[in-house]
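Okay, thanks for coming, everyone.

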Amino acid sequence: MTQQFDALVLGGGAAGLMCALEAGKRGRRVALIERAERAGKKILISGGGRCNFTNIHCRPENFISANPHFAKSALARYTPSDFLALVEKHRIPYHEKTLGQLFCDRSARDIVEMLEGECRDAGVRLFVKTSIQEVLRTTEFVVRAGEMEFRAPALVVATGGPSIPKMGATELGYDLARQFGLAIREPRPALVPFVLAPEDRDHYCDLAGVSADVAVSCADQQFREKMLITHRGLSGPAILQISSYWKPGQAVAIDLAPGSDVTEALRKLKAARNITTMRSALHNFLPSRLANRWLDLNPPSAWINSGLAELERTVHNWKVIPAGTEGYDKAEVTAGGVDTNELSAKAMESRKVPGLFFIGEVVDVTGHLGGFNFQWAWASGACAGRAL
Ligand SMILES: Cc1cc2nc3c(=O)[nH]c(=O)nc-3n(C[C@H](O)[C@H](O)[C@H](O)COP(=O)(O)OP(=O)(O)OC[C@H]3O[C@@H](n4cnc5c(N)ncnc54)[C@H](O)[C@@H]3O)c2cc1C
């Protein structure tokens, strides 16, 4: 059976839903085609089930891309306030958790129901459990899925990246980009825990569950947030953030007591110079189990000023070379993707293939942790939706 539309949106995630509702509101006949049994599954599990749906301090600097300027236009044209207006229109209760991060008070379901409702009101036709077999371009785009055939002059690819395959993630977006001759920036897992090398694992991973406030640096970036020791390595917001910048083989520098002088009392002879006083000095900054373990493994070379100064430097610059990451199974997002040079920054439309759009995570734009990835999905989706 062939069905004719003005636009076909592939993928009913955050970006696809937003794009479809914006285009529908403008009177376009839109088909939103989703492989899973329902739309917005990743939204439902996001933010621990409460969906960190945006960040009020959203700036272009919160995004990683081979072209750091690309996202500016879309982010300026659909802002956190625009999404918030939608949330408030639907009377969804929300709160700011920390650092501008907005979460639902009740559940992420509120956001999915809001987007589905907006799509319904805009006349969008949602096809779930619809697996795409083939996409062709004749005089228009043709999408084949089982017995169904969809046709439209515009095609929007919103199928996300390969992170969390058990949620139904696929590489269809990259396959379509290649099919139509668009370049791809090497995809890699991002916002992902580190796995430590065997020796470090033996040293630290029995402390799984211990967390500390640290500043983590790599590749000229620094994040000051919590770090968590896991059974296989390191996680927590500080580690997830830096993982998006990390390349295999690089060391990350961990400041265990940012902005503080840990050995001051010992150096100034206000406290005795021995392992007991050193431990209690470090307990002011780190959980005692981590402080003790770390000191056992990194004792001062001597209890003289130079030895203490060296220890101070190491406390602020603990170098760890992760063996790797937990990969796509645990990565919140995929960095890399469709090269932004291929797309117009205003509408996300392919420069080579008019009528073909890429939005959301499939594009080489990746947000920091804290609601930025959804803001990119809303912004890129809305810009494409308004151009259809
Ligand atoms: C556990 C977790 C928690 C997160 N929490 C947050 C958060 O709180 N705040 C935040 O900003 N970001 C969060 N993120 C990131 C955020 O979920 C993504 O950045 C965002 O969902 C990307 O939107 P998208 O529409 O591009 O892709 P997706 O949401 O992944 O949607 C893609 C859709 O395409 C469908 N699809 C894929 N292949 C096919 C195919 N072949 N045929 C048809 N359909 C297909 C998928 O089923 C899916 O519904 C989280 C991610 C994870 C994994």
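I'll go through the sheets and the helix pairs in turn. Keep in mind that this is a predicted model.

Let's start with the four-stranded sheet. It is open, the strand order is β1-β11-β10-β9, and the pairing is mixed. Which strands stand at the edges? Those are β1, residues 2-4, and β9, residues 134-137; each has a single partner strand, so one side of each has no neighbour in the sheet. On average, neighbouring strands here are turned by 20 degrees against each other, if you ignore direction. Inside that sheet, look at β10, residues 141-145, and β11, residues 148-152: they pair antiparallel over five bridges. If you want a landmark to click on, Val 142 sits opposite Arg 151 in β11.

Next, the sheet with three strands. This one is open too, ordered β4-β7-β6, and its pairing is antiparallel. Here β4 (52-55) and β6 (94-96) are the edge strands, each with a single partner, so again one side of each is left without a neighbour in the sheet. The twist from one strand to the next averages 25 degrees. β6 pairs with β7, residues 101-104, in the antiparallel sense over three bridges, and Tyr 94 stands opposite Cys 104 in β7. There's a helix on this sheet as well: α4, residues 80-89, packs on it and touches β4, β6 and β7. The direction of α4 makes about 140 degrees with that of β4.

Now over to strand β15, residues 211-218. β15 runs antiparallel to β16, residues 221-229, with eight bridges joining them. Ser 211 has Leu 228 in β16 as its bridge partner. How many residues lie between β15 and β16 in their hairpin? Two, and Ala 219 in the turn has a positive phi of about 50 degrees. β15 is also joined to β18, residues 252-255, by three bridges, and those two run antiparallel. The pair to find there is Val 216 opposite Ile 254 in β18.

Okay, helix pairs. α1, residues 14-25, and α5, residues 109-121, have axes that come within 8 Å and cross at roughly 30 degrees. That angle makes α1 roughly parallel to α5. The crossing is left-handed. Who makes the contact? From α1 we have Leu 17, Met 18, Ala 20, Leu 21 and Lys 25, and from α5 we have Leu 115, Glu 118 and Cys 119. By class, that's six nonpolar residues, no polar ones and two charged.

The other pair is α10, residues 275-283, with α11, residues 288-297. Their axes are 9 Å apart and they pack at an angle of about 135 degrees. α10 and α11 are therefore oblique to each other, and their crossing is right-handed. On the α10 side, the contact uses Ile 275, Met 278, Arg 279, Leu 282 and His 283. α11 brings Ser 288, Ala 291, Asn 292, Trp 294, Leu 295 and Asp 296. Sorted by class, this contact has six nonpolar, three polar and two charged residues.

That's my tour, so over to you.

How values were computed: Residues numbered from 1 in each chain as written. Predicted model: local features only at pLDDT ≥ 70, side-chain atom pairs only at ≥ 80, totals over all residues. Heavy atoms only, no water. Pairing = 2+ DSSP bridges. Axes fitted to C-alpha atoms, helices over the stretch in contact; angles between N-to-C directions. Parallel < 35°, antiparallel > 145°, perpendicular 65-115°, else oblique. Left-handed = near helix turned anticlockwise from the far one by under 90°. Contact = heavy atoms within 4.5 Å. Nonpolar A, V, L, I, M, F, W, Y, C, P; charged D, E, K, R; others polar.
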